[in-house]
Amino acid sequence: MATRAILRGKAVHGAARDTAHEGFLGHRHARWAKVAAAISLIAILAYALHDPLPRPNGGTWLGYGLGSVALLLIIWLSLIGLRKRIVTPRPYSLKAWTSAHVWLGLSLIVIGTLHTGFQLGWNVHTLAWTLMMIVILSGLWGVSAYTALPQQMSANRGEMTQPQMLEAIRAIDRQLDSAAQPLGREDAGIVRLSLEQCDIAGSLWQRLTARQPACGNRRALDSIAARVHAQKQYGRPDARLQQIQFLLERKDAALSQARRHIRMKTLLELWLYIHVPMTFALIAALAAHVLSVFLYW
Amino acid sequence: MGEVYRIAIVGSGPAGLSAAAHAAKLGLSHVLLEKTDHLSDTIFKYQKGKHVMATPSQLVLRAPLDFDAGKRETVLGTWNDQTAAAGVHVRHNAEVKAIVGTGAPIPGSIMKLVTRKRDGSSETREIQRLAPPYRLTLANGEDIIADTVILAIGTQGNPNLMACPGGDGAHVQYQLDDPAMYNDEHIFVIGGGDAGIENALGLAADAAQNNAVTLVNRGAEFATAKDANVKALMAAQNAGRIAVMTESSARSIEPGWITLDTRDGEVRVRCDRVIARMGSAPPRGFIESCGVEFASSDRLAFPRLSATFESTAPGIYVVGALAGYPLIKHCMNQGNDVTEFINGNSGLKPADEPILEAKFADLPGNDSVATWLERLRSSISILSGMGTLQMREFMLDSAVSLVRAGAVIFERGATGSSLFGLAQGTVLVEVDPANPAITVPLHQGTIFGEVGLISGRRRGATVRAGTDCIIVEISRGAALKLMSQVPAAAREITRITTERSLLQIFKSGLTPADLTELIAGAKVETIRAGEVILHEGDTGDDIFIIRSGSMVVEKSIGGKSVFLSYVPAGSYVGEMGVIDGGPRTATVRAAIKSDVIRLAGAPFRALLAAKPELLVRLRAEMTTRSRINSYVESQKDGFTGVVDMYTGVANFLVDQGLGEATDVLLIDEKLCVGCDNCEKACADSHDGLSRLDREAGRTYAHLHVPTSCRHCEHPHCMADCPPNAIHRGPTGEVYIDDTCIGCGNCQRGCPYGVIRMDKVPPKKPWLFSWLLFGAGPGPGEPGAKWSKKADKAYAEKPKKAIKCDMCAGQEGGPACVRACPTGAAIRVSPEQFLSVSLMERGQS
Amino acid sequence: MSFVIRQIAKRADGGDIIRTRALPGSEITVGRGTDCDIQIADLGIMLRHVRLVQLPGGRVAVEALGGVPVAIDGKFVSRADLAVVDNPAIDLASHRLLLSPHEDGSIAVTAERVIAPVDAADAALETGIFSLGEAMPSKRAMAWIGALLVLLGLLGWPLLHFMGEQTVLPGAMITAATQPGKSPVAVAGTGLVAAADKAAFTPDMVWSTGGLSSVHASLSNNCGACHQKAFVSVTDGACQACHKPDALPEHAAPDRLARGQLPETGVIGAAHRQFGLPAGRCASCHREHEGPASVTTVAEQYCTDCHAGLNNRLPDTSLTNVPDWAGHPQFRPRLVAQPSATTPLFRRAVLESTARENSGLVYPHDLHQLPRGAVANMAQKQGLKVGPGGALGCGSCHEPDADGIRFRPISMEKDCGACHDLAFARDGGTLRTLPHGKPAQVAGIIRDFYLSRSLAPHVDRSMPGLQPIAFARRAPGRLAEAEAIDLGLVSPAQARGRAEAAVAAVFGAKGLCSECHAISSASGRPVVAPVTLGDHYLTRARFGHKQHRIFDRKTGDAACVACHTSTTASKLASDVLLPPIATCRQCHGAPAARLSGGSKVSADCNSCHSFHQLLEPPSLPPRRAAFAAVHRRAGFEG
């Protein structure tokens, strides 16, 4: 007790943190961008100055050098998947990792390509290079998405959370359901379109376009609107139908907000579906590449 | 007139039960009076299957009834069986209305009874205490005569009743045990507090029950309810699940119908059931009317008791929560002890004796606990006003220690809201950060560390032991309790704080002597959030020292009020008025509920005249401030938008509680890609439970304040924690230790909804087995579904309060920030963020 | 006669809410409408969906009102007559009506929802739809598939093939490889590599790092042919399977070759030793998988590696160090030191202005190159090749050989005879000519001529048959004729004496032969020296004259003279008219700027030298041997 009391008086200061307010691209005044640029420059110079026999390729000492660097880089870059998921108590900054990941990844374009000595063909070696380029390009796509989309996304969702979006739609559904109870078979059927045949997210394409022409709600809204309009021709339209129409319109709004959100989330994730699997294919290809090169030396 | 009981026990909570059971064991004639039809109502009302904890663990249980941590049902079951077995004489539905002595008037024992009314006026009644035996009058008019009375009625009190005609009807109830009990009913919930709203929501939650629920609120706003609850209520109203009637009140109730006064006149509607949740009156009034005196008029005050729990009314004993012991174990022990006392066993040592002995163990001279308590009380000024029992209780959550000469007690910049009492020896305060040699001695009997207590900020100076001293460290909780119970102590502390904060702020060799006049005129005022203390352009020369809370300084530029700066506790405003005498140059309003010390201008000017160097200091301060002004002004010409944005963001953040925050998580939604890695990291670094909800929370100009703990200066969650499980850690984090009993008070108390009650999920499979083969739920917090599948016992696990601990003990600092891949998440203190740097951010 | 209706609602937390009420009367309606006795809030149901009428005998008539049939134990009917005792079930959309007998003859109708409503799902659990995972195959699966495909297809399959592979070398290639000196490109032209294009696919082809050279193209689906052991670099053995060592002569004696090599040092050397890749293997010069021409284009460095500092390692070598083309030493042509019919002596000397050779011939190039004058006129008269200036063309004597690399040997009859004919008298239409290279016959012919003159009965000046030989050059017979005319030979003895004198004169120092031949009079009497013409000066190089036909935009003789500049001034056959190496450097390895032609000309070693061909000079043609022999005999006899 006593000891603890005294100990409590120590002026302990929390771990130093990165309170700097800058994105991952410009982390620490774009430190990694500079590093990557330097590496690429060195590689290019070395390639230009070194005149191997009979022509540059992966088999010269520079070739082996670039190759090893590239290989190690690729392994390290792929490790971000672990770093992201293993939360260790020791200090680290995933932001810094991402920064390095992006920039060094880009420098790999230079290193990897110089390693090939521009000898491309239909073989496992060029496959590895191609996969590497695919991974890097998809990564570029991801970076662009990461820079462009978040702002829109936050603007679109306002302060609404995902469960809230869903709950909003559900709530309207419940209201629709009760509002439709007194309706006749036909009108009820239309409402059921909205209730039962309305998929919020849908297929990949629908997610990307954020549009579902065949969405039950839209169809219901159209036909109900048509009916209300028709009724307006002769006298007062059915108040219940107007209520339904109002609800359907609200649901339509809610749906499109959710779908816009989904669209952006999709764009933020889609590139990973190329980036990650390709990375593993790449690692496999590298294994084949390295092994085969020394098998058939 | 039936038999005269030896003991009448009022209230069958843990304390009452164990008292009665013990009495039964001792064969004393006794009666246990329970106002409901079941024992131990408070615990009975816990939700089904709630896990009841048994803390403090080091306290031995000595009671005739068994008690161990477990499910509500088990606990109650045991008690019911064992009370029955012990042959306790219980009377259900016996609510005591009055307790009056039947003996002769006790000479000189007259009690002043002050009752305050709504309008603030108060009337004073005098009660002449009469000697025992006491007559206990029950609600049904019956009388019970007993020599001694044990009051164990807890603090719950009685619900406020429906005053309107028919309010006593059968279908009017004051609590809702199980919302699922009622179907197809028109139910009116009266009262817009949290209880009322939660009941209403519960009743309307399930459409299948087909209840027509209406919530009736007297006011137009739901002032007393928590934000989250109000939101939920509004949502339910929009969804058409609940009807809400504001500015309405019940006029009359009859079977099947209710008549309400609404803004648009009187309405009569169908009503099968009325649930009245209009708050409850604390039992104080009743207890005082029995002749039991309270320590002070403060809301938190407890009855003044002797070491044997005897109140100021001879023969009336008070135990349990009412005596200030909220924990079940305490209550049961006291029930046991008090019966012993009544039975004449005066030598009995309280159950907490060993704990106290431990506290005094490593002090010189192995004196008894009693001696030590007495010594401390007599030596430390602020403790003088306390009774023995209070001292015991007080010591339970305080620490006493011997500090060798020269040892540092606390350092400048250390966190800690505890108060120190100097029982023996002298300590040295290093007033000058630059030169530790300059010290101010404090002598035996005084206190120190009070600034930390009051402002909730880090220690302002390092304190060393001048000689070997014996120091009592009074935890914040204990200190607050003390201040509420011993008004003298409260006054003393306030005086000292004022003096010391003056000395600390205007250093430059002032002595307490210089300040006497100033302090004499000083007033401590409490400012509501948003209230203005200085109006721009006003004349006035008062100076304000912010004791707790914080202020924002605004200036109206071109008709718009522009955020200038954020003033934390411990600093002062308004000095310009004194020095230049001109009108106020800016408006100052409270960011949150704050305490300020108002110093009159005149004496202050005198002081300045006497102490020119002070004037110099102040001028220096002023220039920096006016620099900020001019900077903002200059910006104004250039970037109107920027300044507006800056002001907007600043105000938004203040609204979001940065005013009282010490460390808040901010997310820049220009960078946040919504990967929720922050949440995952949080969960994975805190046994699988995330302490933050990234998505929820307010956003302004793409600056998002997620639901995550702000580590307030005066944490609301600490306010009412029965086991005292919430503390501020050395790095300033507010954390909950594992003595949490899962009562949920902190969750209810937190205005930002950052505390959740949850169970620790089972351990996840190895990360790689997920990475490679998708085994388990993957990183982050596992869903309840998986937890249930993975661990059969999960459903039974107790829920505990979960909150951010700022990743204390992790070298890397907050995991959420470390794990943010894009740098969107940052954790900052308001001073760091609410500065002009914010404006640069706006520009970039 | 009444119904007891039990409507069961599910509570969110799972419990049931059962609402029971009794309806008097023998008939109830079920539907969504508020006016129905059993109201079911389900849009799938009509406002008034079905009517139940209680019939005597515990039976119930079911009648669908809206025309929408109801399902009774699975069958869709619009009306039915049911016995209550066997608890029939009527399905309406999501709900089910269960009929069962109730006390005192009333019927219990239990209405319960059997299909959960669509929006029953908990929104919180559905947040999954926001993540793309719902619409895509899992990344994990894709990663596995991709990785496995690559590993199996591009590592496992070829590996299996490699292990089970029997390599058979295409015979055509082996034969092609054994043809010495055949330029690989030529081989590439032949059909035997065309096979490669149609070669069947084999899995380990995907390991090829690049196109094979055209010569090896037909091995491109036959990796095992060269890559015989795993993790072992291609061995010389693999190459020599086709390229038999005897077909490719040693570059030098193996031990000298070994000693001559530059030992590898530094990291790379260490690495090579580490991985068993010694220098001097075929593969260390011949890099395969570098495209069509790769294997035969061997870079200069591979030569200079050894030849730069060769004398340090081979002190006794005759070769000068060659650091690189710029540092290539001056030519050391093989010059004829002493002509001989059988064993001429050659000597290599640095090509300098002082360099001379002794071919035993007399030939002033300058004279023959004059654009006008006797030679030119003669050439024109004779209709020989003449250059644009009218001078005698180089080509009239120097005729390229088949390869266009060197020149056919000079022969007197072909190259000189046209002008230097040995006719000496016309006699009644017959032209008397001395044979070349046959001294004995020459002597004989002259003797006969004089003799015949002496025996002639009388000499008639206007004798038609006898005319003076009509070309400017003095024909050999003239003197004798004159004598024959002037002082009529009367006695054969006298004629013999004259004849001997004439023979001596022909072979003599000033005699006819001496015009072209060096005459040695070592033995007291003049003898025609033997002739040896150097026909291969740069013995270790190959200079393709053909490629240089057009040089610096000059053609024909101009082109020749452009390099062999000293020819026009050369008065002596002993001049060495080879251009110095500087002349080559004007183009080869010269910066493109200096070339009017534009592009830089290669300075590869193997544009002149060849590693595997030593280019020894061919042995002397037998003809000369005879010639020399004859002269000697003549000398002794004459």
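Let's start with one side chain in this predicted model: Arg268(B) is partly exposed, at 45% relative accessibility. It makes a handy way into two topics, the salt bridges and the contact between chain C and chain A. Over all chains, the structure holds 66 salt bridges, yet the count between chain C and chain A is zero.

**Salt bridges in chain B**

- Arg268(B) pairs with Glu254(B) in a salt bridge, with an N to O distance of 3.1 Å. Because Arg268(B) sits in strand S18 of chain B and Glu254(B) in strand S16 of chain B, the pair ties together parts that are 14 residues apart in sequence.
- Glu254(B) is partly exposed as well, with a relative accessibility of 28%.
- Arg263(B) and Glu247(B) form another salt bridge, and their closest N and O atoms are 3.2 Å apart. This pair links distant parts of the chain, 16 residues apart: Arg263(B) is in the loop between strand S17 (256-262) and strand S18 (265-271) of chain B, while Glu247(B) is in the loop between strand S15 (242-245) and strand S16 (249-254) of chain B.
- With a relative accessible area of 58%, Arg263(B) is exposed, whereas Glu247(B) is partly exposed at 32%.
- Arg375(B) and Asp367(B) also meet through their side chains in a salt bridge, at 2.6 Å from N to O. Arg375(B) is partly exposed at 32% relative accessibility, and Asp367(B) is partly exposed at 33%.

**A network in chain C**

- Four residues of chain C are joined by a network of salt bridges: Glu27(C), Arg51(C), Glu63(C) and Arg79(C).

**Where chain C meets chain A**

- On the chain C side, 59 residues are in contact with 58 residues of chain A.
- About 5,000 Å² is buried between chain C and chain A, and carbon and sulfur atoms give 70% of that area. Leu43(C), Phe130(C) and Leu132(C) supply 17% of the area that chain C buries against chain A, more than any other three residues.
- Although no salt bridges are counted between chain C and chain A, there are 14 residue pairs in polar contact between them, with both residues at pLDDT 80 or more.
- Helix H1 (139-163) and helix H8 (300-307) of chain C each supply at least two residues of the side that touches chain A. The largest share of that side comes from H1(C), with eleven residues.
- By residue class, the side of chain C that touches chain A holds 36 nonpolar, twelve polar and eleven charged residues.

Methods. Residues numbered from 1 in each chain as written. Chains lettered and ligands numbered in written order. Heavy atoms only, no water. Contact = heavy atoms within 4.5 Å. Buried area = accessible area lost by both parts, 1.4 Å probe. Polar contact = N/O pair within 3.5 Å; in protein donor to acceptor, adjacent residues only side chain to side chain. Helix = DSSP H or I, 4+ residues; strand = E, 2+ residues; numbered from the N terminus. Nonpolar A, V, L, I, M, F, W, Y, C, P; charged D, E, K, R; others polar. Buried < 20%, exposed > 50% of the residue type's maximum accessible area, 1.4 Å probe, protein only.
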